[in-house]
Amino acid sequence: RTTTVHVHPAYQVGEVNRRIFGSFVEHMGRCVYTGIFEPNHPEADSHGFRRDVAELVKELGVTVLRYPGGNFVSNYRWEDGVGPLEERPRNLDFAWRSIEPNTVGTNEFLAWCRRMGIEPMLAVNLGTRGLSEAMEFLQYVNGDTDTRLPQLRKSHGWEDPWSVETWCLGNEMDGPWQMGHKTPEEYARTVTEVANAFHRFDDKLSLIASGSSARAMPTFGRWERIVVDAAFDNLDMVSAHAYYEPIDDDAVSFACCAEDMERYIRDVVATLDHVAAMHHSDRRLKISFDEWNVWYQSRFDGENSIGMVHAPHLIEDTYSVLDAMVVGSLLITLLRHTDRIGVACQAQLANVIAPIRTEEGGRAWRQTIFHPFALMSRHARGVVLDTRCEGPTISTQRWGEADQLWTVATWDAESHDLAVFLANRDLHESTRVRIDLRPFGDCTVVECLALDDEDIAAVNTADQPNRVEPHNARCDITSATLTFDANPASWNCLRLK
Ligand code: AHR
């Protein structure tokens, strides 16, 4: 089998949007407590955050972090997470039926982001709360006037405004499970009011309306149209969420689930542009794909299985080689749409369906899905190039015929760095990849890495943290044609100069 990948420096999608390499920290399970934050851990820094985890987060190359939820935000009282620690209440979080001690709150999180050099993006509670509390939160975080809320923040020891630019207006408001779930018309009204008020405070803020929780939601499409139409002038992005797992043991469709994400993006973009047309506007709104990942929801017994404790082990999925290929293919999809994806956040950062796993008081390690994220974040530079594949296809039950090879390339004309990312989505067949490099002038191979395994179910664990790792693979250039064999269920990174 052979696949010809067509790639040319003239066919540019747009600049690599670094905000595609975002992640998500929710007060859920052990993402915060015993994940990124564990004051009694031997690796804890003076702020109580784990240094070993921070190192992994840096290696992962996260550029943006969404906080504090997720479903959690829809019953969050931000005031309970600020001020003197001894005065912060212990609350019951109804979303994950867990005890929230409020030891980590907005300031601790934002200070951690600043130390880490990561841009924060905050979500406001539009579930149990509304406009007034959102306005207060915004003033507390970003305000710099001689008025009550900025002064309150200063009295808590945080003199400078945090200048958070990007704000999510609610979370998954279309989902019946969400506290304060709304109809599209109800949410449209709320988001119009909140977005208007936020821009009265600061018209430079980048505002994200809560979009659909999944492409399969009954209101998908209609929700985006109604919400964006109502608040068009004050919105910059609308969110999208997608989680994938094999349904009915259909691993073939699962391997190709990037087809769904691709259609999801196209559908939302079409809706956003339709609304822009109705507004006689050239403004192009973008998608904030602020929750995406592989999530074995079928292994989760639901919120009611959680026993109202602090930091329970919750959806700590262990990821395989196949899962890593899928995550790599989803990142390829996001990058292919660099021009319309404003932000993307893999859900979540630590322990909870995460690339990083930790033991309480113990080790931290990289899951298989860590690797494609880290390598793409490190090497996707310059502009995204539109790639086309001519080669075998896969027949899938859920998405029809899908290309075996799923690809994207980035090109930095100044440094002459070309990176080609390829996922071979066939579970059994390899394919020989051929790329004509003549349009790029003289090219040599810098590095060729493959993430694959004879056992596509292989995983990393605390005892075997490096069982699955990218390894050097063979890649030849003869007469300006690159040749590379992509193994079954593999994710690959070819770097040329
Ligand atoms: O990331 C886990 C949960 O998935 C989030 O809290 C929610 O927004 C989504 O349904």
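**Reading the fold**

Modeller: Of the 497 residues of the protein chain, 51% count as buried. Please bear in mind throughout that this is a predicted model.

Biologist: What radius of gyration does the protein chain have, and what would a compact globule have?

Modeller: A compact globule with 497 residues would have a radius of gyration near 23 Å, and the protein chain agrees with this, having 22 Å. Taken along the principal axes, the C-alpha atoms fill a box of roughly 70 × 60 × 45 Å.

Biologist: How many helices and strands does the chain contain?

Modeller: The secondary structure comes to 10 helices and 26 strands.

Biologist: In what order do the strands of the barrel follow one another?

Modeller: The barrel is closed by 8 strands in the order S3-S4-S7-S8-S9-S10-S11-S12, and their pairing is parallel. On average, neighbouring strands of this sheet are turned by 30° against each other, direction ignored. Ala209 has Val238 in S10 as its bridge partner.

Biologist: Which strands do helix H8 and helix H9 lie across?

Modeller: Helix H8 (residues 258-278) lies across S9, S10 and S11, and runs at about 160° to S10. H9 lies across S10, S11 and strand S12 (341-347), running at about 175° to S11.

Biologist: Which strands stand at the edges of the open sheet?

Modeller: The open sheet is formed by 5 strands in the order S16-S1-S21-S25-S24, with mixed pairing. Strand S16 (388-390) and strand S24 (475-478) stand at its edges; each has a single partner strand, so one side of each is left without a neighbour in the sheet. Neighbouring strands here are turned by 25° against each other on average, direction ignored. Within this sheet, strand S21 (residues 431-436) and strand S25 (residues 481-486) pair in the antiparallel sense over 6 bridges. Ile435 has Leu482 in S25 as its bridge partner.

Biologist: Which strands are joined to strand S22?

Modeller: Strand S22 (residues 445-451) runs antiparallel to strand S26 (residues 490-496), and 6 bridges join them. Leu451 is partnered there by Trp491 of S26. S22 is also joined to strand S23 (residues 471-472) by 2 bridges, again antiparallel. In S23, Asn472 is the bridge partner of Leu449.

Biologist: At what angle do helix H5 and helix H6 pack?

Modeller: Helix H5 (residues 184-201) and helix H6 (residues 222-231) pack at an angle of about 35°, with their axes 8 Å apart. Their crossing is right-handed. Residues making the contact include Tyr187, Ala188 and Val191 of H5, and Trp223, Ile226 and Val227 of H6. The residues of this contact divide into 10 nonpolar, 1 polar and 2 charged.

Note on methods: Residues are numbered from 1 along each chain as its sequence is written. This is a predicted model: local features need pLDDT of at least 70, side-chain atom pairs count only at pLDDT 80 or more; totals for chains, interfaces and linings use all residues. Two strands pair if DSSP finds at least two bridges between them. Helices (H or I, at least four residues) and strands (E, at least two) are DSSP runs, numbered from the N terminus. Axes are lines fitted to C-alpha atoms, for helices over the stretch in contact, and angles run from 0 to 180 degrees between N-to-C directions. A crossing is left-handed if the near helix is turned anticlockwise from the far one by less than a right angle, and right-handed if clockwise. Two residues are in contact if their C-beta atoms, placed from the backbone, lie within 7 Å. Ala, Val, Leu, Ile, Met, Phe, Trp, Tyr, Cys and Pro count as nonpolar, Asp, Glu, Lys and Arg as charged, and the others, Gly among them, as polar. The radius of gyration is taken over C-alpha atoms; the globule rule is 2.2 Å times the number of residues to the power 0.38. A residue is buried if 20 or more other C-beta atoms lie within 10 Å of its own, exposed if 12 or fewer, and partly exposed in between; C-beta atoms are placed from the backbone.
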